[in-house]
Amino acid sequence: MALSASPVVRRARLGAELRRLRRRQSLTLEQVCDRLGWASTSKLSRMELGQSRPDLADVLDLLDVYQVPPGQRDELIVIARDAATGRAWSRALGEMGERQRAYAELEAGAARIVEYQPAVVPGLLQAPAYARLRVTAGALLHEDVDVEADVRARAVRQEVLRRSDPPRYTALLDERVCDPGGAPADVWRDQLRHLVALADRPHVTIRLLPRDAAPHGGVHPLAGFSFYTYPDPADPRTVLVETLTTDLRLAAEADVARYERLVDWLLAAALSEEETADLLARRLGSALVPRPREPRDAPVPEPR
């Protein structure tokens, strides 16, 4: 099912618009809540921060208080409906943990995605066996992870790259991502084949950063991150930074602008698409060549 707008992003957009409208009327949170008879400011505060799914009736009441003209009102009602979407997304995304859902909701409505990974293949590029390996490894630190559900969720997320209007996707990967990293030989060969095939798609770009790459000024990312932009330029660009225990979502323009500069520096330091494709093909060729087996009872050479 095609999902055209991320409710997470639309909530952030709606919250910013509501906050701007309130301030334009020189109203405090308390004054607005008093006019509407709301018991506390927490509901309005969460709406302005994009932290809750809005009730359309509440939004309409706020637009009345802020005296929003008809044209702008209609636009904000559309945004509020996108922000309130719940059931359709639940059906489309299926069974997902909180972290997978955060990525899926940002990916589904994106026009462009840029991901940086220092050590592992990103989820959108993972072959099934490799995905299972990564999820199983993650479960060693997060005992509540349902491995089977997480593997299925990753496959659902990957549908975004196969839809009729996919986002422009760029993966910036440290060269060590191309090392097996303990993966069984057959799993790793399958993953390399998968990367080579994906790199042929017109909307997918894979760029490797050589081990000795020196981004501008020697600035290296401290963690993997994903950068999202959306068809509506007024929707906030968003960065999701991966950490061990949770993922940090950044939408403040100052934060996003820093990551945008970092993406530009990484692109300048990375191998070209052609060089990357050649390196991946060579790695795959090496992985396909069987290693010579040591004889079980090799004769011990006579001392000279």
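Reader: Thanks! What does the accessible surface of the protein come to?
Author: About 16700 Å², and 52% of that belongs to carbon and sulfur atoms. Such areas are computed by the Shrake-Rupley method with a 1.4 Å probe, and for residues only the protein chains shown count as cover. Before we go on, this is a predicted model: local features need pLDDT of at least 70, side-chain atom pairs count only at pLDDT 80 or more, and totals for chains, interfaces and linings use all residues. Residues are numbered from 1 along each chain as its sequence is written, and side-chain values use heavy atoms, with hydrogens and water left out.

Reader: Good to know. How many helices and strands are there?
Author: The protein has 12 helices and six strands. These are DSSP runs numbered from the N terminus: helices are H or I with at least four residues, strands are E with at least two.

Reader: And how much of it is buried?
Author: Of the 304 residues, 43% count as buried. Buried means under 20% relative accessible area, exposed means over 50%, and partly exposed is in between (1.4 Å probe, protein chains only).

Reader: Which residues touch the most others in the largest nonpolar core?
Author: That core has 32 residues, and Leu106, Val121, Leu125, Tyr169, Ile206, Tyr228 and Leu280 touch the most other members. A nonpolar core here is a set of buried Ala, Val, Leu, Ile, Met, Phe, Trp, Tyr and Cys residues joined through side-chain atoms within 4.5 Å.

Reader: Which helix gives the most to this core?
Author: Helix 10, with five residues. There is also a second, separate core of 20 residues, including Trp38 and Leu62.

Reader: New topic! At what angle do helix 2 and helix 4 pack?
Author: Helix 2 (residues 29-36) and helix 4 (residues 56-65) pack at about 110°, with axes 11 Å apart. So helix 2 is roughly perpendicular to helix 4, a label for angles of 65 to 115 degrees. The axes are lines fitted to C-alpha atoms over the stretch in contact, and angles run from 0 to 180 degrees between N-to-C directions.

Reader: Which residues meet there?
Author: Val32, Arg35 and Leu36 from helix 2 meet Asp61, Leu62 and Val65 from helix 4; contact means heavy atoms within 4.5 Å.

Reader: Last one: is serine 26 buried or exposed?
Author: Serine 26 is exposed, at 62% relative accessible area. You'll find serine 26 in the loop between helix 1 and helix 2, with a positive phi near 55°.

How values were computed:
Angles under 35 degrees count as roughly parallel, over 145 as roughly antiparallel, 65 to 115 as roughly perpendicular and the rest as oblique.
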